[in-house]
Amino acid sequence: MAKRDLRSLWADTPRLLVLGFLALLLLMPYIWMISASVKPLDELFRASLNLWPERFYGVENYRQVFSQIPVFGYLWNGVVVCAGILFFQLLFAVPAAYALAKLNFPGRDLVLGLVMLGLLVPPHVPALPLYVAFSKMGLLNTYAALILPFTISVFAIFLFRQFFKALPDELVHAARLDGIGEFEIVWRVILPNAWPAATAFAIFSVVAHWNDLFWPLIVIEGQARATPALGVLYFRSDEAGDDFAALMAAAVIMTLPLVLAFLLAQRRFVEGIATTGLKG
Amino acid sequence: MQGISIRSVSRHFGSVKALDNVSLDVAAGEFVALVGPSGCGKSTLMRIVAGIESADAGSLSIGSRDVSALRAAERNVAMVFQNYALYPHLTVSENIAVPLAMRRLSALERLPLIGHMMPGLSQKRAAIATDVLQAAQSLGLDALLDRKPGQLSGGQRQRVALARAIVRHPDAFLMDEPLSNLDAALRVQTRREIVEIHRRVGAATLYVTHDQSEALTMADRVAVMQAGQILQVSSPEAIYHDPQDIRVATFIGSPRINLISAAADAAGHVHIAGKLSGLHATPGPVTIAIRPENLRIESNGIPCVAEGIEFLGESLLLHARHSAGNEAFIIRLPPEMPRPHDGEVIHLAFEAKHALLFDQNGKRLAPSKHSAQNQELTLA
Amino acid sequence: MPEAMSAAAPASFEARPLRLARGEALVGLLLSLPAGVAYFLMLLLPSLATILLAFTDYELGALEWGWIGAANFEEMLEDRGFAVALRNTVIYVGFVTPLSILLGLGAALLIEAGIRGRALFRAVFFLPVVSLTVAMAAAWQYLLHPTIGPLNAFLRLLGVASPPFWLSSSDWVLLSLGAIGTWENIGYNMVLFLAGLSAIPRELYHAAEVDGTKTWLDRFRLVTWPMLGPTTLFVLTITMIRSIRVFDTVAVLTQGGPNKASEVLLHTMYKEGFTFLRLGYSAAITLVFLMMVLGLVWLQTKALDKRVHYG
């Protein structure tokens, strides 16, 4: 055993070197972002290639970010928006997907056709009329404006329908024989069996909406309801200007939550994105 | 020697011994079936012979070359996989041509565009096409040459896999449960065909299966494997009638062989449940094994309680339990026999020549000189 | 006499299944209702409105507006800004798609080829996918900064006298955005390729070895590449659709500048609609964008599908 391992370590070296080089290249923005966030501004302007600061200025930079912008406000907005979107997406999509997968009702093929049609339409297409409608209803700058357009995810319906179709019909029949009502079946029988699909979709949805800039940029003005993406954008144009040290500190802070979640649940993230891969 | 020669091969997976010092010879033109329960190491052994997996220790020669250090591509073996492993993007004829193209054409000649400019390529390609057609015709595949594997039935795919294996006249022919994905009727038919192909091709063949009826019907010799060891290699008849290990006796044969615990006294007389049986063995505990078809109902013998009957058409299976020893028996009876009621006490007897005796370690005890040849045994 | 037969059929035979079916239909409709309402209000209605809007001169806040037929589309043909945005988008897609697919495939193959460091490298390559795009755009801005950026500091160290102004030079800006786009997409494509690779049956590689393939390249050409066909086609379409949507990095880093050198389709649509409030014209651009996406999906299903799926 030992002999084989040793031999393959030698054989493995070129692979590891190439991968390591690629990985280092990919990590460059992170490395320099973190390095700049702990340097004083004058050191940044000297454009030295030293990663470690001569004078550690991290405390000041990060303190500046926390004092100038409502960091926790942005993060909280991000959490509320992502959680709200996910909640409604599941609430609407799971029952519909169950009905499409396991029940016979008139118009089912029409509904399925609409779902497939919806899959083809990028979210940018309905953006203009939605903006007009929200503005007329006075909904701009609210959580509702951030959440409402994404409450319906045809992709979620599609994904869950595929998953439910693979569940045996006997599961539903047995539940009916046990006297569980049709509506209860969705939450008590189907959803507990849909966790793999639900986790995958949750990761897909949260990653997409945590990072989204397009829609928040349209419906939000000012800091009160700004998401993390908007927060970085504001900080960059208003407060920091050319203060890259503080900007990098802000970037680190806003990037950290999702990256930490990813590092803690790598396998689930990668599997989640792989199974939901068909949606861009 | 020609054929396959496996010498003291071992393989560990972590702390598990998948193969423990295994040796096996397959002569040129011989068909050897490697049979055993799943997880016994038979597939690992076959992969080591093919060169897909490596061994920790031991040596291997194929066609009188030592191939231990050679890669699969250089061993000149052909293999039929359980799921056929056909290339789904290639047609039937392209699939069959792969091993020839890989061997007869250089890397340059196989390139899509540059390859066509190489001199002499068209003759080589024509020769390959001829050989492919010949192999396909011998398996009745001529009408399917332009189909993709996805358009074929399971039986047809299996023929393509066989054609791909025989097309280049290998030194050794390896088959890894090739029939397990076919339905029962097709399996019996294909059994015959594979034996015929083997006869025609004449290469040393190692055939892995978990199905003992395949092993017994097809092979010249059967190797029974369990827990990483080969227990016995013999003709099918000898494996069935003359097993040298109690594990071979119990693995081969359906329904399972009957086992009776017994003991031989200092004089060498074997007692069953304290009664003299008329068998002889070296003193100590022994196990007597008797095939279900060799037990009969007699007026006196081992007293048993009948526990139920299964009707199989050509015979009956009677389940019974030893009144004293609590061992379960299965007896195969002619269907016209009067059937005992459940709970009825019956007496079972057997002939001495049918009794197989095993010692405490499961090793076969040589038939003792004392036991008269055709003596009818009853309990005294 | 079929009528008489059916009329004579015992009522209980028909009534029960019918009642069941009617109950099932009702439940099915009720369960689909919330999704149906949300779909209608948030997707179908506004999307149809966008199509109608594209044929009007509607401007937000304007008191009067009317149908102008295809005038918006005619304007588009004359509009140099739109032409540049379209051209830039195509160049961007043409840069990001092949590069991020090749690098993603390469990374997947290298990771799959051994056991050491699998989880580590997979995590590293995937990191950009889960990083806040706006924040990482800021990091890129620093990295590529003409005077204080580490990249140019490094280039000066190598002896390049005047390294490019990556994001503020009209020659380099699209390339720089393309590099960032590639960086963002590698991990995504790698994960899809890893899934595709793990779906290839091991037995095919074993068969290829027994059949006489001696080199990695032989096995790649005989097994890996053809078996990855469906995955590759899928990744190709997805990457094109993802990169056609480029918006965040442009909005954060260049706002289409300098001098429209990095103007792209969605950013033009955003500016026309939400900065100049010309909703009609913006809707027309949205339709062009939608047509491009639909065209890509159509290409995928029709033109290429048959050649990579093996019955």
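Mentor: Two strands count as paired if DSSP finds at least two bridges between them. Helices (H or I, at least four residues) and strands (E, at least two) are themselves DSSP runs, numbered from the N terminus. The model is predicted: local features need pLDDT of at least 70, side-chain atom pairs count only at pLDDT 80 or more, and totals for chains, interfaces and linings use all residues. Residues are numbered from 1 along each chain as its sequence is written, while chains are lettered from A and ligands numbered from 1 in the order in which they are written.

Trainee: How many helices and strands does chain B have?

Mentor: Chain B has 8 helices and 21 strands. Along its principal axes, its C-alpha trace spans about 90 × 45 × 35 Å.

Trainee: In which sense do β9(B) and β10(B) pair, parallel or antiparallel?

Mentor: Strand β10 (residues 229-234) of chain B pairs with β9(B) in the antiparallel sense, over 5 bridges.

Trainee: Which strand runs parallel to β9(B)?

Mentor: Strand β3 (residues 31-35) of chain B does, joined to β9(B) by 4 bridges. Within this pairing, B:V32 has B:R221 as its bridge partner.

Trainee: How is burial read, and how many residues of β9(B) are buried?

Mentor: A residue is buried if 20 or more other C-beta atoms lie within 10 Å of its own, exposed if 12 or fewer, and partly exposed in between, with C-beta atoms placed from the backbone. Strand β9 (residues 221-226) of chain B is mostly covered, with 5 of its 6 residues buried. For chain B as a whole, 39% of the 380 residues are buried.

Trainee: Why is B:E30 classed as partly exposed?

Mentor: B:E30 is partly exposed because 19 other C-beta atoms lie within 10 Å. B:E30 lies in the loop between β2 (16-26) and β3 of chain B. Two residues are in contact if their C-beta atoms, placed from the backbone, lie within 7 Å. Leaving aside residues up to four places away in sequence, B:E30 touches B:G3, B:A204, B:D220 and B:R221. The C-alpha atoms of B:E30 and B:H198 are separated by 8.6 Å, although the two residues are 168 residues apart along the chain.

Trainee: Which way do the side chains of β6(B) point?

Mentor: In a regular strand the side chains alternate between the two faces of the sheet. In β6(B), B:V77 and B:M79 point one way, B:A78 and B:V80 point the other way, and all are buried. This strand and β7(B) pair in the parallel sense over 4 bridges, and B:V77 stands opposite B:A172 in β7(B).

Trainee: What span should helix α4 of chain B have?

Mentor: The expected span of a helix is 1.5 Å times one less than its number of residues. The 13 residues of α4 (residues 154-166) of chain B should therefore span 18 Å, and the end C-alpha atoms are 19 Å apart, which agrees. Of those 13 residues, 10 are buried, including B:R157, B:V160 and B:I166. The buried residues of α4(B) pack against β6 (77-80), α2 (92-104), α3 (121-138), β7 (172-176) and α5 (184-201) of chain B.

Trainee: Which residues of the largest nonpolar core touch the most other members?

Mentor: A nonpolar core is a set of buried Ala, Val, Leu, Ile, Met, Phe, Trp, Tyr and Cys residues joined through C-beta atoms within 7 Å. In the largest, of 165 residues, A:I157, A:F160, A:V232, A:M248, A:A251 and C:A139 touch the most other members. Helix α4 (residues 71-102) of chain A gives the most to this core, with 15 residues. A second, separate core of 114 residues includes B:L60, B:I62, B:Y87 and B:L318.

Trainee: How many residues of chain C are in contact with chain B?

Mentor: There are 16 residues of chain C in contact with 21 residues of chain B. Helix α9(C) gives the most to this side of chain C, with 6 residues. Ala, Val, Leu, Ile, Met, Phe, Trp, Tyr, Cys and Pro count as nonpolar, Asp, Glu, Lys and Arg as charged, and the others, Gly among them, as polar. The side of chain C that touches chain B divides into 8 nonpolar, 4 polar and 4 charged residues.
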